[in-house]
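Here is a briefing on one protein chain. Please look over the sequence and the model before reading the points below.

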Amino acid sequence: MPFFKITLIRSAIGLPTKTTGVLKALGLRKRMATVFHPVSPQVAGQIMAVKELVAVSEVEKAMSKAELKATRKPDPGYYIETPATEA
């Protein structure tokens, strides 16, 4: 079952209350927050109402919060290697 991956890119500060209500209905509270919703005409209509503020992609599987956090974690830039044991 496909899902919409919706990320809030721009803030809704200064926009009409209707727009803010649509974002709340989608579950988007803060910038760069990501939510997953099943593909349906109702959700597509909500996305169209705030299309200037969000980035949307279609994915096969919804990710958990832990999985999302793991994808955002940057590479440390170094790796710790254990010394070879001397024989």
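T7 lies in strand 1 (residues 3-8); strands (E, at least two residues) and helices (H or I, at least four) are DSSP runs, numbered from the N terminus. This is a predicted model, in which local features need pLDDT of at least 70, side-chain atom pairs count only at pLDDT 80 or more, and totals for chains, interfaces and linings use all residues. Residues are numbered from 1 along each chain as its sequence is written, and side-chain values use heavy atoms, with hydrogens and water left out.

**T7**

- T7 is buried, because its relative accessible area is 12% (buried means under 20%, exposed over 50%, partly exposed in between, with a 1.4 Å probe and protein chains only).
- Its side chain makes a polar contact of 3.1 Å with the side chain of T34.
- A polar contact is a pair of N or O atoms within 3.5 Å; within protein, one must be able to donate a hydrogen and the other to accept it, and residues adjacent in sequence count only if both atoms are side-chain atoms.
- Leaving out residues up to four places away in sequence, T7 touches M32, A33, T34, L53, V54 and A55 (contact means heavy atoms within 4.5 Å).

**T34**

- T34 sits in strand 2 (residues 34-38).
- T34 has 16% relative accessibility, so it counts as buried.
- The side chain of T34 makes polar contacts with the side chain of T7 at 3.1 Å and with that of R72 at 3.0 Å.
- Beyond four places in sequence, T34 touches K5, I6, T7, L68 and R72.

**Fold and dimensions**

- The protein chain holds 3 helices and 3 strands.
- Along the sequence, their pattern is β-α-β-α-β-α.
- The radius of gyration is 19 Å, well over the 12 Å that the globule rule gives for 87 residues, so the protein chain is more spread out than a compact globule.
- That radius is taken over C-alpha atoms, and the globule rule is 2.2 Å times the number of residues to the power 0.38.
- The C-alpha trace spans about 70 × 35 × 15 Å along its principal axes.

**Burial and contacts across the chain**

- Of the 87 residues in the protein chain, 24% are buried.
- Take the contacts between residues at least 6 apart in sequence: 75% join residues at least 24 apart.
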